Amino acid sequence: MTIVNLAVNKVSDGWHKQYSHRSTTLNCDMRFTVFLPPQATNDNKVPVLYWLSGLTCTDENFMQKAGAFRKAAELGIAIVAPDTSPRGEDVANDDAYDLGQGAGFYVNATQSPWDSNYKMYDYIVDELPKLIEATFPVSDVRAISGHSMGGHGALTIGLKNSQRYRSISAFSPITNPTNCPWGQKAFTAYLGDNKSAWQEHDSCYLLAQVTTQLPIRVDQGLADEFLEQQLLPKNLEQVAKNANYPLQINYHDGFDHSYYFISSFIEQHLEFHNRYLR
C-alpha cells in the first residue's frame with residue numbers, strides 16, 4: 001500500500017509525521033498522524049497507543065493540542081491518530097456537525113448513502129493497524145484511547161476486541177449512545193432502526209456482557225456542557241458496578257469538554273497504558 005508523507009516535525013527527540021493513503025476499507029483517501037518516540041528503531045519496535053478524536057476533529061487536533069509528546073517519548077510509546085471519518089467530494093455528508101464527515105462514530109454503516117464509505121470500525125480495527133505495523137518500527141502491542149465520540153470509539157472497540165488491546169482509556173466519552181441525542185441520530189442514520197445493532201456499539205451494553213476484563217480508565221470534567229445530556233458516565237459506572245468490572249472513573253471539578261482538560265491529564269493516561277504495554 002502506498003502512503004504519502006505530508007509533514008515531518010522533530011519533537012521531544014522523536015518524530016511527528018503526517019501521511020495520506022488510499023483506504024480500501026473506506027473507499028477514499030485518508031490521513032493519519034503518527035508520533036514515533038526516540039526508542040523506535042528497526043531493532044526496537046515500540047508499542048502503540050491509538051487515539052480516536054471527537055466530533056468535527058481530524059488527525060491533527062490531538063497531536064497539536066494534547067501535549068502528549070514529552071511523556072510518550074519518555075515512556076517509549078508511539079501514538080497514532082487517524083481521522084474521524086472518510087473524506088472527499090464523493091463521500092456522503094450532512095450539513096450538521098454531528099453527522100457525516102467528521103462524525104463517523106467508529107461504526108460500519110449499513111444504510112444508504114453512508115454504507116459506501118463509512119466503515120470506520122473496520123478501518124480502526126483492521127486496515128490501519130496493518131498499515132502502521134508494516135510501515136513503522138512498532139509492534140502489535142496496542143492500547144486505545146479517545147475523547148468524546150472518540151472515547152465512545154475507544155471503549156466500544158476495546159471492549160469488542162480484547163485480544164487486540166492491552167488497555168483502554170477515554171476522556172469525556174459518549175458512554176451510552178443508544179440513550180443520548182448524538183448517538184441516536186448517528187445510529188439511526190448509519191445503522192437504521194434495528195436497536196440490537198445499536199447495542200453492539202454501546203459501551204454500557206458491551207461492558208455488561210464481556211468475559212475478559214481489560215483495564216479501563218475514564219476521566220470526566222464536571223463542568224462539561226455535554227455531561228448530563230450526551231455523555232452519561234454515571235450509566236457506565238452503574239453497569240460496571242453491577243458487573244463487578246474494575247472500571248477506574250475519575251471526576252474533576254471545573255474542567256470542561258475541551259483539550260485544556262485533555263492536556264491536563266494526558267500524561268496520567270500514558271502512564272496508565274504504559275503499565276500494561278510492557
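1. Is E200 buried, partly exposed or exposed? At 38% relative accessibility, E200 counts as partly exposed, where buried means under 20% relative accessible area, exposed over 50%, and partly exposed in between (1.4 Å probe, protein chains only).

2. This is a predicted model, in which local features need pLDDT of at least 70 and side-chain atom pairs count only at pLDDT 80 or more, while totals for chains, interfaces and linings use all residues. Residues are numbered from 1 along each chain as its sequence is written, and side-chain values use heavy atoms, with hydrogens and water left out.

3. E200 meets K160 in a salt bridge with an N to O distance of 3.0 Å, the term standing for a side-chain nitrogen of Lys or Arg within 4 Å of a carboxyl oxygen of Asp or Glu. K160, itself partly exposed at 29%, lies in helix α4 (residues 149-160), and E200 in the loop between α6 (195-199) and α7 (203-209), so the pair ties together parts that are 40 residues apart in sequence. Helices (H or I, at least four residues) and strands (E, at least two) are DSSP runs, numbered from the N terminus.

4. The whole structure holds 13 salt bridges, among them one between D59 and R31, whose closest N and O atoms are 2.8 Å apart. D59 is buried, with a relative accessible area of 0%, whereas R31, at 28%, is partly exposed.

5. A search of the whole structure finds 0 disulfides, a disulfide being a pair of cysteine sulfur atoms within 2.5 Å. The sulfur of C57 is 17 Å from the closest cysteine sulfur, in C180, which is too far for a bond.
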